[in-house]
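Biologist: Hi! Could you walk me through this one? I'd like to start with a single side chain and go on from there.

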Amino acid sequence: MAKTLKIKLTGLRVFAHHGVFDFERQNGQDFYIDATVWVAAKGLEFSDDLSRTVHYGDLAKALVDNVKTQPVDLLETLAQRLLDLVLNWGGPAGPVAKAKITVHKPNAPIVYEFNDVSVTVKGKRDDSFKAGDEN
């Protein structure tokens, strides 16, 4: 039986310069990243070996570094870029089988009172996950 492990990183704050408007690109603002990754054991038991899982400290650094570079207009573009980064973590045989990324922009330029704007994308590396596995 294939076993999976879920690692969740929530509320990773990154100051960056994404947005459609010039003032967003010039002034920047806080973005918050939630990343959930599913690690497949591929028929092996999990051990106390960091090389067989995802180092969440390294993952956080990679996400922050990525968000701080190459400004884009849309949250959708940024979220997809981060998903691609996570799904390719560790190369073609890396430990990540599935991932979900949410990018929050709580200070989006909206004239109405609101709490948050976010975009979520999900993806998987293969067909090893079935509906309902994402809890």
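Modeller: Happy to! The side chain of Q29 makes a polar contact with the side chain of E24, at 3.2 Å. A polar contact is a pair of N or O atoms within 3.5 Å; within protein, one must be able to donate a hydrogen and the other to accept it, and residues adjacent in sequence count only if both atoms are side-chain atoms.

Biologist: Before we go on, what sort of model is this?

Modeller: This is a predicted model, where local features need pLDDT of at least 70, side-chain atom pairs count only at pLDDT 80 or more, and totals for chains, interfaces and linings use all residues. Residues are numbered from 1 along each chain as its sequence is written, and side-chain values use heavy atoms, with hydrogens and water left out.

Biologist: Thanks! Where is Q29 found, and is Q29 buried or exposed?

Modeller: Q29 is in strand β2, residues 29-40. Q29 counts as buried because its relative accessibility is 8%. Buried means under 20% relative accessible area, exposed over 50%, and partly exposed in between (1.4 Å probe, protein chains only).

Biologist: What is Q29 in contact with?

Modeller: Leaving aside neighbours within four places in sequence, Q29 is in contact with V14, F15, A16, H18, E24, K105, N107 and A108. Contact means heavy atoms within 4.5 Å.

Biologist: Tell me about F15, then. Where is the place of F15?

Modeller: F15 sits in strand β1. With 43% relative accessibility, F15 counts as partly exposed. Not counting residues up to four places away in sequence, F15 touches N27, G28, Q29, D30 and K68. The C-alpha atoms of F15 and F31 are separated by 6.1 Å, and these residues are 16 residues apart along the chain.

Biologist: New topic: how many helices and strands does the protein have?

Modeller: There are three helices and four strands, and from the N terminus on they run β-α-β-α-α-β-β. Helices (H or I, at least four residues) and strands (E, at least two) are DSSP runs, numbered from the N terminus.

Biologist: And how much of the protein do buried residues make up?

Modeller: Buried residues make up 40% of the 135 residues.

Biologist: One last thing: what about Q70?

Modeller: Q70 lies in the loop between α2 (56-67) and α3 (75-87). Q70 counts as exposed because its relative accessibility is 57%. Its phi is near 45 degrees, a positive value in a residue other than glycine.
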